[in-house]
Each structure stands twice: as structure tokens, then as C-alpha cells.
Amino acid sequence: MTLAGRHEHGMPYAEVDAGDVDAALFTQEPAPDGRGVIVSGRCPRCHGATRTLFPWARPGTGSKGGPGRLLGRGTTGRAEDEPEPLLAEVHLCECGHAHPQCPPDTLYTGCGASWRIRR
């Protein structure tokens, strides 16, 4: 699957599962504060640039926050047993554009697409 193309701003909002998307089309980098990771790429449906912050110990990742947090010391990195956010999560379009027919109560500003990233 290629994500080439311009952002289709006029594409109507729809909750669509775009399936598996190649990991080579996305990047992940540490958040500036070190408390998570930012996954960036292009939405496979509307082709808009999307960027999502995944904090460490986020519900759904199977993590309890690592031993530092459990002992009250805090931590700024991912515990070794935490899954890589790029591959562990269902990603949602967060292109920042309110597509036509977007429900007013939606949690994410985008086209409604979801996908998983696979190697």
C-alpha cells in the first residue's frame, strides 16, 4: 500500500478500518518530554499528515508503567516489556481536518479511518 497523494479534505468522515499498513510509511520518535513516543505518517484513507502521542503506560499497551513508577521513582522511558507503540496500537486518523459529515462528538479530528501498522 502506498500513501502517496494529496490530503483529500473533501472526503466525507466515515469510520473505516483501513487494515494493515506498512511500518516503513510511519516513524516513531521520543516525545520532547521523554514520557512517550510520537508516531507520524499519512492516513491511508485521506492521505493527511497524522501524528499521535502515545504516553508510556498507556492503557491498552499491557504495561503497568515499569518498575520505576511502581516504586515511586518515576521513569522517562519505555519499560523493556512494553510493546512498541508503532506496532501495538490501533492508529486513528488525526489529520486535524474536520472532514465533511464529521460527528460533533468525535474524539479525533480526522476522516474516521483506523489501521494497524505491521512490519
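In strand S3, the bridge partner of Gln28 is Val39. This pair belongs to a predicted model, and the two strands concerned, S2 and S3 (residues 36–42), are joined by four bridges and run antiparallel. The chain as a whole contains two helices and six strands. Read from the N terminus, its elements follow the order β-β-β-β-α-α-β-β. Of its 119 residues, 38% count as buried. Among contacts between residues at least 6 apart in sequence, 58% join residues at least 24 apart.

Strands S2, S3 and S4 make up an open sheet in the order S2-S3-S4, with antiparallel pairing. Its edges are formed by strand S2 (27–30) and strand S4 (49–55), each of which pairs on one side only. From one strand to the next, the twist averages 20°. Strands S3 and S4 are joined by seven bridges and run antiparallel. Within this pairing, Val39 stands opposite Thr52 of S4; Val39 is also the bridge partner of Gln28. Six residues lie between the strands in the hairpin of S3 and S4, where His47 takes a positive phi near 70°.

A second open sheet of three strands has the order S1-S6-S5, and its pairing is mixed. Strand S1 (16–22) and strand S5 stand at the edges with a single partner strand each, so one side of each is left without a neighbour in the sheet. The twist in this sheet averages 35° from one strand to the next. Five bridges join S1 to strand S6 (residues 113–118), and these two strands run parallel. In this pair of strands, Asp22 stands opposite Arg118 of S6.

The side chains along S4 alternate between two faces. A polar atom of the Thr50 side chain lies 2.9 Å from the backbone nitrogen of Glu94. Apart from neighbours within four places in sequence, the residues in contact with Thr50 include Val39, Ser40, Gly41 and Arg42, and S3 spans residues 36–42. Also in contact with Thr50 are Phe26, Cys43, Leu92, Cys93, Glu94, Cys95 and Trp115.

Two cavities of 30 Å³ or more were counted. The largest cavity holds about 40 Å³ of space. Its lining consists of Phe26, Val39, Thr50, Thr52, His91, Leu92 and Trp115. Strand S4 and strand S5 (90–92) each supply at least two residues of this lining.

Note on methods:
Residues are numbered from 1 along each chain as its sequence is written. This is a predicted model: local features need pLDDT of at least 70, side-chain atom pairs count only at pLDDT 80 or more; totals for chains, interfaces and linings use all residues. Side-chain values use heavy atoms; hydrogens and water are left out. Two strands pair if DSSP finds at least two bridges between them. Axes are lines fitted to C-alpha atoms, for helices over the stretch in contact, and angles run from 0 to 180 degrees between N-to-C directions. A polar contact is a pair of N or O atoms within 3.5 Å; within protein, one must be able to donate a hydrogen and the other to accept it, and residues adjacent in sequence count only if both atoms are side-chain atoms. Contact means heavy atoms within 4.5 Å. On a 1 Å grid over the protein atoms alone, a cavity is a set of points where a 1.4 Å probe fits but cannot get out, and a pocket is an open set with protein on both sides within 12 Å along at least five of seven lines; lining residues have an atom within 4 Å of a point. Grid points are joined across faces, edges and corners, and a volume is the space filled by probe spheres set on the points. Buried means under 20% relative accessible area, exposed over 50%, partly exposed in between (1.4 Å probe, protein chains only).
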